[in-house]
Amino acid sequence: MGFGRRKDTASRPWRLSAKLLIVSSVVTVLGFSAICTSVMLDMRHSEEELARQTLENLASGIDSDISRNVELFDLSLRAVANNMVAPELNGVSKPLRQLILFDQAATAKHFGAIQVFDSTGKLIVDASTLDPLPEDRSGEEYFKVHRDQPDAGLFISRPMLHHGTYAIVLSRRITGEDGRFLGVVAGSIRFSYFHDLFGRLRLDPNDVITVFRRDGTVIMRTPFDLDMIGKQLGDLPGVKRALSEPSGSYSGVASTNHSPRLYVWRDGTRPLVVVVGKPWADIYRLWRMEATRIGAIMGALAVFVLGVSLFLAREIDRRAAAEEKLEELATTDALTGLRNRRKFDASIEEEWRRAARQKRPLALLMIDADHFKTFNDTFGHQAGDEVLIGIAICISDSVQRAGDCAARYGGEEFAVLLPDSSPAQAFAVAETIRLKVEQWSGETAITTVSIGAASIVPDANSEWTAIVTAADKALYTAKADGRNRTVLAHNPKLSLVA
(Lines give C-alpha, C1' and ligand atoms only; values in the text may rest on other atoms or scores of the structure.)
Protein backbone atom coordinates (compact mmCIF):
# COMPACT_ATOMS: atom_id res chain seq x y z
CA MET A 1 0.00 0.00 0.00
CA GLY A 2 1.00 3.65 -0.32
CA PHE A 3 1.82 4.16 3.31
CA GLY A 4 4.47 1.42 3.08
CA ARG A 5 6.19 3.22 0.22
CA ARG A 6 6.19 6.48 2.09
CA LYS A 7 7.58 4.83 5.20
CA ASP A 8 10.54 3.48 3.22
CA THR A 9 11.08 6.88 1.64
CA ALA A 10 11.11 8.55 5.03
CA SER A 11 13.67 6.09 6.43
CA ARG A 12 15.98 6.27 3.41
CA PRO A 13 17.87 9.44 4.56
CA TRP A 14 18.82 7.71 7.79
CA ARG A 15 19.99 4.61 5.95
CA LEU A 16 21.86 6.78 3.48
CA SER A 17 23.51 8.62 6.35
CA ALA A 18 24.73 5.35 7.90
CA LYS A 19 26.13 4.14 4.58
CA LEU A 20 27.68 7.53 3.89
CA LEU A 21 29.33 7.48 7.32
CA ILE A 22 30.87 4.06 6.68
CA VAL A 23 31.96 4.97 3.14
CA SER A 24 33.46 8.26 4.36
CA SER A 25 35.36 6.45 7.11
CA VAL A 26 36.69 3.84 4.68
CA VAL A 27 37.72 6.54 2.19
CA THR A 28 39.40 8.53 4.97
CA VAL A 29 41.31 5.48 6.19
CA LEU A 30 42.33 4.59 2.65
CA GLY A 31 43.39 8.19 2.01
CA PHE A 32 45.57 8.37 5.10
CA SER A 33 46.95 4.91 4.30
CA ALA A 34 47.85 6.07 0.80
CA ILE A 35 49.58 9.17 2.19
CA CYS A 36 51.52 7.11 4.74
CA THR A 37 52.45 4.58 2.06
CA SER A 38 53.74 7.38 -0.18
CA VAL A 39 55.75 8.86 2.69
CA MET A 40 57.17 5.48 3.60
CA LEU A 41 58.16 4.80 -0.02
CA ASP A 42 59.90 8.18 -0.12
CA MET A 43 61.71 7.30 3.11
CA ARG A 44 62.72 3.96 1.61
CA HIS A 45 64.08 5.69 -1.47
CA SER A 46 65.96 8.16 0.74
CA GLU A 47 67.50 5.31 2.74
CA GLU A 48 68.62 3.70 -0.52
CA GLU A 49 70.14 6.92 -1.83
CA LEU A 50 71.89 7.59 1.49
CA ALA A 51 73.34 4.09 1.52
CA ARG A 52 74.51 4.47 -2.09
CA GLN A 53 76.20 7.79 -1.34
CA THR A 54 77.83 6.38 1.79
CA LEU A 55 79.16 3.37 -0.10
CA GLU A 56 80.35 5.59 -2.93
CA ASN A 57 82.32 7.72 -0.47
CA LEU A 58 83.75 4.62 1.17
CA ALA A 59 84.74 3.08 -2.18
CA SER A 60 86.23 6.38 -3.32
CA GLY A 61 88.35 6.70 -0.16
CA ILE A 62 89.66 3.14 -0.36
CA ASP A 63 90.29 3.40 -4.09
CA SER A 64 92.20 6.65 -3.64
CA ASP A 65 94.46 5.16 -0.96
CA ILE A 66 95.21 1.99 -2.97
CA SER A 67 95.72 3.90 -6.23
CA ARG A 68 98.06 6.38 -4.55
CA ASN A 69 100.27 3.61 -3.17
CA VAL A 70 100.23 1.64 -6.43
CA GLU A 71 101.13 4.77 -8.37
CA LEU A 72 103.90 5.62 -5.92
CA PHE A 73 105.33 2.11 -6.17
CA ASP A 74 105.00 2.17 -9.96
CA LEU A 75 107.02 5.38 -10.12
CA SER A 76 109.82 3.61 -8.30
CA LEU A 77 109.63 0.65 -10.72
CA ARG A 78 109.80 2.99 -13.69
CA ALA A 79 112.82 4.80 -12.29
CA VAL A 80 114.67 1.53 -11.75
CA ALA A 81 113.71 0.23 -15.22
CA ASN A 82 114.96 3.45 -16.85
CA ASN A 83 118.18 3.54 -14.86
CA MET A 84 118.99 -0.10 -15.68
CA VAL A 85 119.54 0.83 -19.35
CA ALA A 86 121.61 3.95 -18.58
CA PRO A 87 125.23 3.60 -19.91
CA GLU A 88 126.58 5.26 -16.78
CA LEU A 89 125.55 2.26 -14.71
CA ASN A 90 128.11 -0.01 -16.37
CA GLY A 91 131.28 -0.42 -14.38
CA VAL A 92 130.15 1.34 -11.19
CA SER A 93 130.51 -0.33 -7.80
CA LYS A 94 127.66 -2.21 -6.19
CA PRO A 95 127.06 0.40 -3.46
CA LEU A 96 126.96 3.18 -6.03
CA ARG A 97 124.66 1.14 -8.26
CA GLN A 98 122.30 0.61 -5.31
CA LEU A 99 122.32 4.32 -4.64
CA ILE A 100 121.61 5.19 -8.25
CA LEU A 101 118.83 2.64 -8.65
CA PHE A 102 117.00 2.83 -5.34
CA ASP A 103 117.78 6.25 -3.85
CA GLN A 104 114.36 7.58 -4.97
CA ALA A 105 112.51 4.27 -4.54
CA ALA A 106 109.38 4.32 -2.37
CA THR A 107 109.74 2.58 0.95
CA ALA A 108 107.06 1.62 3.41
CA LYS A 109 106.53 -1.15 5.91
CA HIS A 110 104.08 -2.88 3.60
CA PHE A 111 106.28 -2.62 0.48
CA GLY A 112 108.61 -5.45 -0.41
CA ALA A 113 112.14 -4.82 -1.72
CA ILE A 114 112.44 -4.03 -5.43
CA GLN A 115 114.30 -6.67 -7.42
CA VAL A 116 115.75 -6.73 -10.92
CA PHE A 117 115.82 -9.92 -13.03
CA ASP A 118 117.72 -10.35 -16.28
CA SER A 119 116.30 -11.65 -19.52
CA THR A 120 116.62 -15.24 -18.32
CA GLY A 121 114.78 -14.63 -15.03
CA LYS A 122 117.92 -14.60 -12.84
CA LEU A 123 118.03 -12.15 -9.96
CA ILE A 124 120.79 -9.59 -10.57
CA VAL A 125 119.90 -6.69 -8.25
CA ASP A 126 118.05 -6.59 -4.90
CA ALA A 127 117.29 -3.33 -3.10
CA SER A 128 117.53 -5.07 0.27
CA THR A 129 121.12 -6.37 -0.10
CA LEU A 130 124.30 -5.92 -2.10
CA ASP A 131 124.79 -9.66 -2.44
CA PRO A 132 121.41 -11.26 -3.15
CA LEU A 133 120.97 -15.02 -3.07
CA PRO A 134 120.33 -16.69 -6.39
CA GLU A 135 116.73 -16.60 -7.56
CA ASP A 136 115.08 -17.69 -10.78
CA ARG A 137 111.69 -16.13 -11.60
CA SER A 138 111.55 -17.19 -15.24
CA GLY A 139 108.51 -19.36 -14.48
CA GLU A 140 106.44 -16.63 -12.82
CA GLU A 141 103.44 -15.19 -14.55
CA TYR A 142 104.67 -11.61 -14.41
CA PHE A 143 108.02 -12.54 -15.99
CA LYS A 144 106.34 -14.35 -18.90
CA VAL A 145 103.92 -11.48 -19.47
CA HIS A 146 106.69 -8.89 -19.80
CA ARG A 147 108.82 -11.18 -21.91
CA ASP A 148 106.03 -11.93 -24.36
CA GLN A 149 104.14 -8.60 -24.32
CA PRO A 150 106.36 -5.55 -24.81
CA ASP A 151 103.46 -3.15 -24.18
CA ALA A 152 102.21 -4.81 -20.98
CA GLY A 153 103.08 -1.76 -18.87
CA LEU A 154 102.49 -2.12 -15.14
CA PHE A 155 101.49 -5.68 -14.34
CA ILE A 156 99.89 -6.72 -11.07
CA SER A 157 100.15 -10.41 -10.29
CA ARG A 158 97.62 -12.71 -8.75
CA PRO A 159 97.83 -13.00 -4.94
CA MET A 160 100.79 -15.22 -4.17
CA LEU A 161 103.24 -16.29 -1.49
CA HIS A 162 106.22 -13.99 -2.09
CA HIS A 163 109.33 -14.17 0.12
CA GLY A 164 107.42 -15.96 2.84
CA THR A 165 104.36 -13.66 2.98
CA TYR A 166 101.17 -13.24 0.95
CA ALA A 167 101.43 -10.31 -1.40
CA ILE A 168 100.78 -9.01 -4.89
CA VAL A 169 103.77 -8.41 -7.16
CA LEU A 170 103.94 -5.22 -9.23
CA SER A 171 106.36 -5.36 -12.16
CA ARG A 172 107.56 -3.56 -15.28
CA ARG A 173 109.56 -4.59 -18.33
CA ILE A 174 113.13 -3.44 -18.88
CA THR A 175 113.51 -2.64 -22.55
CA GLY A 176 116.74 -1.79 -24.33
CA GLU A 177 117.18 1.11 -26.73
CA ASP A 178 116.82 -1.35 -29.59
CA GLY A 179 113.58 -2.73 -28.10
CA ARG A 180 115.12 -5.92 -26.82
CA PHE A 181 113.80 -7.56 -23.66
CA LEU A 182 116.48 -7.03 -21.01
CA GLY A 183 114.59 -8.24 -17.94
CA VAL A 184 111.97 -7.34 -15.34
CA VAL A 185 111.90 -5.03 -12.33
CA ALA A 186 109.46 -6.20 -9.65
CA GLY A 187 108.34 -5.39 -6.14
CA SER A 188 105.52 -6.45 -3.84
CA ILE A 189 102.75 -4.97 -1.71
CA ARG A 190 102.05 -7.25 1.23
CA PHE A 191 98.58 -8.23 2.34
CA SER A 192 99.30 -6.50 5.62
CA TYR A 193 98.73 -3.22 3.77
CA PHE A 194 95.15 -4.17 2.93
CA HIS A 195 94.51 -5.55 6.43
CA ASP A 196 95.79 -2.31 7.93
CA LEU A 197 93.74 -0.20 5.48
CA PHE A 198 90.49 -2.09 6.08
CA GLY A 199 91.13 -2.28 9.81
CA ARG A 200 90.91 1.51 10.06
CA LEU A 201 87.39 1.50 8.67
CA ARG A 202 84.21 1.29 10.72
CA LEU A 203 82.20 -1.34 8.89
CA ASP A 204 79.04 -3.21 9.75
CA PRO A 205 79.50 -6.96 10.25
CA ASN A 206 77.87 -7.79 6.91
CA ASP A 207 79.61 -5.13 4.80
CA VAL A 208 81.94 -6.45 2.11
CA ILE A 209 84.90 -4.78 0.38
CA THR A 210 86.50 -6.58 -2.56
CA VAL A 211 89.57 -5.49 -4.55
CA PHE A 212 89.65 -6.86 -8.09
CA ARG A 213 92.37 -7.06 -10.67
CA ARG A 214 91.44 -5.92 -14.18
CA ASP A 215 90.65 -9.49 -15.23
CA GLY A 216 88.23 -10.04 -12.32
CA THR A 217 90.66 -11.85 -10.01
CA VAL A 218 89.99 -11.22 -6.32
CA ILE A 219 93.09 -9.56 -4.90
CA MET A 220 91.79 -8.87 -1.42
CA ARG A 221 88.53 -9.05 0.48
CA THR A 222 87.11 -8.11 3.83
CA PRO A 223 85.81 -9.97 5.76
CA PHE A 224 88.94 -11.93 4.89
CA ASP A 225 88.28 -15.29 3.25
CA LEU A 226 91.33 -17.15 2.00
CA ASP A 227 89.18 -19.31 -0.25
CA MET A 228 88.03 -16.18 -2.11
CA ILE A 229 91.54 -14.72 -2.57
CA GLY A 230 92.75 -15.31 -6.10
CA LYS A 231 89.34 -16.52 -7.27
CA GLN A 232 88.31 -15.53 -10.78
CA LEU A 233 84.91 -13.76 -10.75
CA GLY A 234 85.21 -11.85 -14.00
CA ASP A 235 82.32 -13.78 -15.56
CA LEU A 236 79.79 -12.49 -13.02
CA PRO A 237 77.52 -9.80 -14.57
CA GLY A 238 78.06 -7.37 -11.71
CA VAL A 239 81.85 -7.75 -11.78
CA LYS A 240 81.83 -7.27 -15.55
CA ARG A 241 79.99 -3.97 -15.07
CA ALA A 242 82.39 -2.83 -12.37
CA LEU A 243 85.37 -3.56 -14.63
CA SER A 244 83.86 -1.89 -17.69
CA GLU A 245 82.12 1.23 -16.33
CA PRO A 246 83.90 4.18 -14.65
CA SER A 247 81.50 4.14 -11.70
CA GLY A 248 78.09 2.86 -10.77
CA SER A 249 76.12 0.43 -8.65
CA TYR A 250 74.09 -2.74 -9.01
CA SER A 251 72.02 -5.08 -6.89
CA GLY A 252 73.36 -8.61 -6.73
CA VAL A 253 73.47 -11.75 -4.64
CA ALA A 254 76.54 -12.45 -2.53
CA SER A 255 78.56 -15.47 -3.68
CA THR A 256 79.11 -16.60 -0.08
CA ASN A 257 75.76 -16.47 1.72
CA HIS A 258 73.53 -15.61 -1.26
CA SER A 259 72.09 -12.54 0.46
CA PRO A 260 70.92 -9.60 -1.73
CA ARG A 261 73.36 -6.69 -1.60
CA LEU A 262 73.91 -3.26 -3.04
CA TYR A 263 77.33 -3.05 -4.70
CA VAL A 264 79.02 0.28 -5.52
CA TRP A 265 82.32 1.16 -7.22
CA ARG A 266 83.91 4.49 -8.08
CA ASP A 267 86.58 4.00 -10.76
CA GLY A 268 86.62 0.88 -12.90
CA THR A 269 89.48 2.11 -15.13
CA ARG A 270 92.33 1.74 -12.60
CA PRO A 271 94.60 -1.31 -12.25
CA LEU A 272 92.79 -2.33 -9.07
CA VAL A 273 89.03 -1.84 -8.76
CA VAL A 274 87.36 -1.49 -5.35
CA VAL A 275 83.78 -2.76 -4.99
CA VAL A 276 81.90 -2.12 -1.72
CA GLY A 277 78.80 -4.15 -0.87
CA LYS A 278 76.12 -3.78 1.79
CA PRO A 279 73.12 -6.10 2.42
CA TRP A 280 69.75 -4.60 1.53
CA ALA A 281 68.48 -5.93 4.85
CA ASP A 282 70.95 -3.67 6.69
CA ILE A 283 70.14 -0.71 4.45
CA TYR A 284 66.43 -1.01 5.16
CA ARG A 285 66.71 -2.08 8.83
CA LEU A 286 65.84 1.32 10.33
CA TRP A 287 63.27 1.95 7.61
CA ARG A 288 61.58 -1.37 8.34
CA MET A 289 61.42 -0.57 12.05
CA GLU A 290 59.88 2.83 11.30
CA ALA A 291 57.52 1.37 8.71
CA THR A 292 56.42 -1.32 11.16
CA ARG A 293 55.81 1.26 13.88
CA ILE A 294 53.86 3.60 11.60
CA GLY A 295 51.99 0.67 10.07
CA ALA A 296 50.97 -0.57 13.50
CA ILE A 297 49.76 2.91 14.48
CA MET A 298 47.85 3.30 11.20
CA GLY A 299 46.35 -0.17 11.60
CA ALA A 300 45.20 0.62 15.14
CA LEU A 301 43.73 3.95 14.00
CA ALA A 302 42.01 2.28 11.05
CA VAL A 303 40.48 -0.35 13.31
CA PHE A 304 39.41 2.36 15.78
CA VAL A 305 37.88 4.60 13.08
CA LEU A 306 36.09 1.74 11.37
CA GLY A 307 34.90 0.37 14.71
CA VAL A 308 33.51 3.75 15.76
CA SER A 309 31.95 4.21 12.32
CA LEU A 310 30.24 0.84 12.47
CA PHE A 311 29.02 1.60 16.00
CA LEU A 312 27.66 5.00 14.94
CA ALA A 313 26.13 3.48 11.80
CA ARG A 314 24.38 0.88 13.92
CA GLU A 315 23.13 3.59 16.26
CA ILE A 316 21.88 5.58 13.26
CA ASP A 317 20.05 2.50 11.99
CA ARG A 318 18.57 1.91 15.42
CA ARG A 319 17.44 5.51 15.61
CA ALA A 320 15.98 5.29 12.11
CA ALA A 321 14.15 2.09 13.05
CA ALA A 322 12.85 3.74 16.22
CA GLU A 323 11.65 6.78 14.30
CA GLU A 324 10.03 4.52 11.71
CA LYS A 325 8.29 2.73 14.54
CA LEU A 326 7.17 6.00 16.06
CA GLU A 327 6.02 7.20 12.64
CA GLU A 328 4.11 3.98 12.17
CA LEU A 329 2.50 4.27 15.61
CA ALA A 330 1.59 7.88 14.94
CA THR A 331 -0.01 7.14 11.58
CA THR A 332 -1.42 3.63 12.06
CA ASP A 333 -4.69 2.57 13.64
CA ALA A 334 -3.78 0.36 16.57
CA LEU A 335 -6.70 -2.06 16.11
CA THR A 336 -6.81 -2.69 12.36
CA GLY A 337 -3.26 -1.89 11.27
CA LEU A 338 -4.55 0.50 8.60
CA ARG A 339 -3.64 4.17 8.43
CA ASN A 340 -5.43 6.39 10.93
CA ARG A 341 -7.57 9.43 10.24
CA ARG A 342 -4.71 11.92 10.66
CA LYS A 343 -2.55 10.11 8.09
CA PHE A 344 -5.49 9.77 5.74
CA ASP A 345 -6.26 13.52 5.83
CA ALA A 346 -2.60 14.32 4.99
CA SER A 347 -2.53 11.77 2.18
CA ILE A 348 -5.78 12.87 0.52
CA GLU A 349 -4.68 16.51 0.57
CA GLU A 350 -1.35 15.63 -1.05
CA GLU A 351 -2.92 13.36 -3.67
CA TRP A 352 -5.66 15.93 -4.42
CA ARG A 353 -3.05 18.59 -5.24
CA ARG A 354 -1.04 16.17 -7.36
CA ALA A 355 -4.13 15.10 -9.30
CA ALA A 356 -5.06 18.77 -9.87
CA ARG A 357 -1.57 19.55 -11.25
CA GLN A 358 -1.49 16.52 -13.50
CA LYS A 359 -5.18 16.65 -14.47
CA ARG A 360 -5.53 13.02 -13.47
CA PRO A 361 -8.52 11.37 -11.71
CA LEU A 362 -8.55 10.65 -7.98
CA ALA A 363 -10.94 8.04 -6.54
CA LEU A 364 -12.19 7.53 -2.99
CA LEU A 365 -14.06 4.63 -1.40
CA MET A 366 -16.01 5.20 1.82
CA ILE A 367 -16.77 1.84 3.46
CA ASP A 368 -19.13 1.26 6.38
CA ALA A 369 -19.88 -1.98 8.28
CA ASP A 370 -23.59 -2.81 8.07
CA HIS A 371 -25.56 -3.15 11.32
CA PHE A 372 -22.30 -2.90 13.28
CA LYS A 373 -23.83 -1.12 16.30
CA THR A 374 -26.43 -3.86 16.70
CA PHE A 375 -23.79 -6.56 16.32
CA ASN A 376 -21.55 -4.81 18.83
CA ASP A 377 -24.36 -4.44 21.37
CA THR A 378 -25.35 -8.08 20.93
CA PHE A 379 -21.97 -9.82 20.96
CA GLY A 380 -19.80 -7.34 22.79
CA HIS A 381 -16.96 -5.04 21.95
CA GLN A 382 -14.40 -7.84 21.59
CA ALA A 383 -16.43 -9.53 18.89
CA GLY A 384 -16.99 -6.13 17.28
CA ASP A 385 -13.25 -5.53 17.22
CA GLU A 386 -12.72 -8.90 15.51
CA VAL A 387 -15.22 -7.89 12.82
CA LEU A 388 -13.39 -4.59 12.22
CA ILE A 389 -10.06 -6.46 11.95
CA GLY A 390 -11.58 -8.89 9.47
CA ILE A 391 -12.90 -6.05 7.30
CA ALA A 392 -9.47 -4.34 7.44
CA ILE A 393 -7.81 -7.55 6.24
CA CYS A 394 -10.23 -7.81 3.33
CA ILE A 395 -9.49 -4.19 2.41
CA SER A 396 -5.72 -4.69 2.62
CA ASP A 397 -5.90 -7.80 0.43
CA SER A 398 -7.86 -5.87 -2.21
CA VAL A 399 -5.73 -2.71 -2.34
CA GLN A 400 -2.40 -3.71 -3.96
CA ARG A 401 -0.97 -0.62 -5.68
CA ALA A 402 1.93 1.27 -4.09
CA GLY A 403 0.18 4.65 -4.24
CA ASP A 404 -3.11 3.53 -2.68
CA CYS A 405 -3.93 4.41 0.91
CA ALA A 406 -6.36 2.44 3.09
CA ALA A 407 -7.38 3.94 6.45
CA ARG A 408 -9.79 3.55 9.32
CA TYR A 409 -11.85 6.69 8.97
CA GLY A 410 -13.61 6.40 12.31
CA GLY A 411 -15.58 3.80 14.30
CA GLU A 412 -16.80 1.16 11.84
CA GLU A 413 -16.11 3.37 8.79
CA PHE A 414 -13.10 2.91 6.45
CA ALA A 415 -11.71 4.92 3.56
CA VAL A 416 -9.59 3.87 0.57
CA LEU A 417 -7.79 6.48 -1.56
CA LEU A 418 -7.10 5.37 -5.14
CA PRO A 419 -4.94 7.85 -7.13
CA ASP A 420 -5.19 7.84 -10.92
CA SER A 421 -8.31 5.60 -10.89
CA SER A 422 -11.34 5.99 -13.14
CA PRO A 423 -14.91 5.42 -11.87
CA ALA A 424 -14.87 1.92 -13.37
CA GLN A 425 -11.61 1.07 -11.69
CA ALA A 426 -12.81 2.46 -8.37
CA PHE A 427 -16.06 0.52 -8.65
CA ALA A 428 -14.12 -2.71 -9.40
CA VAL A 429 -11.94 -2.30 -6.32
CA ALA A 430 -14.98 -1.53 -4.20
CA GLU A 431 -16.78 -4.65 -5.39
CA THR A 432 -13.71 -6.75 -4.69
CA ILE A 433 -13.66 -5.50 -1.10
CA ARG A 434 -17.40 -5.99 -0.62
CA LEU A 435 -17.36 -9.55 -1.97
CA LYS A 436 -14.36 -10.51 0.15
CA VAL A 437 -16.09 -9.23 3.27
CA GLU A 438 -19.21 -11.10 2.31
CA GLN A 439 -17.23 -14.30 1.69
CA TRP A 440 -15.37 -13.87 4.95
CA SER A 441 -18.68 -13.45 6.84
CA GLY A 442 -19.85 -16.81 5.55
CA GLU A 443 -23.36 -18.21 5.66
CA THR A 444 -23.93 -16.77 9.09
CA ALA A 445 -23.56 -13.30 7.58
CA ILE A 446 -21.84 -11.80 10.60
CA THR A 447 -21.63 -8.51 8.79
CA THR A 448 -21.42 -6.94 5.36
CA VAL A 449 -20.24 -3.55 4.09
CA SER A 450 -21.78 -0.78 2.11
CA ILE A 451 -19.47 1.26 -0.12
CA GLY A 452 -19.75 4.68 -1.65
CA ALA A 453 -17.31 5.39 -4.49
CA ALA A 454 -16.37 8.65 -6.19
CA SER A 455 -13.80 9.53 -8.88
CA ILE A 456 -13.00 13.17 -9.67
CA VAL A 457 -10.49 15.09 -11.77
CA PRO A 458 -9.80 18.03 -9.43
CA ASP A 459 -9.45 21.58 -10.65
CA ALA A 460 -7.27 24.28 -9.15
CA ASN A 461 -10.14 25.94 -7.24
CA SER A 462 -11.70 22.86 -5.68
CA GLU A 463 -11.05 21.33 -2.25
CA TRP A 464 -10.52 17.68 -1.40
CA THR A 465 -13.56 17.73 0.87
CA ALA A 466 -15.61 17.62 -2.32
CA ILE A 467 -14.67 14.03 -3.07
CA VAL A 468 -15.26 13.02 0.54
CA THR A 469 -18.73 14.58 0.36
CA ALA A 470 -19.46 12.81 -2.91
CA ALA A 471 -18.30 9.41 -1.57
CA ASP A 472 -20.29 9.95 1.65
CA LYS A 473 -23.44 10.66 -0.32
CA ALA A 474 -22.89 7.53 -2.37
CA LEU A 475 -22.39 5.53 0.85
CA TYR A 476 -25.63 6.95 2.27
CA THR A 477 -27.40 5.90 -0.93
CA ALA A 478 -25.96 2.36 -0.65
CA LYS A 479 -27.26 2.01 2.88
CA ALA A 480 -30.65 3.45 1.91
CA ASP A 481 -30.91 0.98 -0.98
CA GLY A 482 -30.55 -2.03 1.28
CA ARG A 483 -26.88 -2.19 2.27
CA ASN A 484 -24.21 -4.73 1.14
CA ARG A 485 -23.78 -2.89 -2.14
CA THR A 486 -21.56 -0.34 -3.95
CA VAL A 487 -22.88 2.96 -5.26
CA LEU A 488 -20.87 5.21 -7.59
CA ALA A 489 -21.28 8.96 -6.94
CA HIS A 490 -22.12 11.57 -9.60
CA ASN A 491 -21.61 15.29 -8.98
CA PRO A 492 -22.36 17.62 -11.86
CA LYS A 493 -20.65 20.54 -10.10
CA LEU A 494 -17.21 18.83 -10.34
CA SER A 495 -15.28 17.43 -13.22
CA LEU A 496 -16.26 13.85 -12.70
CA VAL A 497 -15.00 10.99 -14.77
CA ALA A 498 -18.29 9.18 -14.24
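Reader: How many bridges join strand β1 to strand β2, and how do the two run?

Author: Happy to start there, with a predicted model in which local features need pLDDT of at least 70, side-chain atom pairs count only at pLDDT 80 or more, and totals for chains, interfaces and linings use all residues. Residues are numbered from 1 along each chain as its sequence is written, and side-chain values use heavy atoms, with hydrogens and water left out. Strands (DSSP runs of E, at least two residues, numbered from the N terminus) pair if DSSP finds at least two bridges between them. Strand β2 covers residues 123-126, and β1 and β2 are antiparallel, joined by three bridges.

Reader: Which residue of β2 is the bridge partner of Gln 115?

Author: Gln 115 belongs to β1, residues 115-118. Across in β2, its bridge partner is Asp 126.

Reader: Which residue in the hairpin of β1 and β2 takes a positive phi?

Author: Four residues lie between the two strands of this hairpin. The one with a positive phi, near 95°, is Gly 121.

Reader: What is the bridge partner of Phe 117 in β6?

Author: Strand β1 also pairs with β6 (residues 181-190), antiparallel and through four bridges. There, the partner of Phe 117 is Val 184.

Reader: Are the residues of β1 buried or exposed?

Author: Buried means under 20% relative accessible area, exposed over 50%, and partly exposed in between, with a 1.4 Å probe and protein chains only. In a regular strand the side chains alternate between the two faces of the sheet. Gln 115 and Phe 117 point one way, Val 116 and Asp 118 the other, and all are buried.
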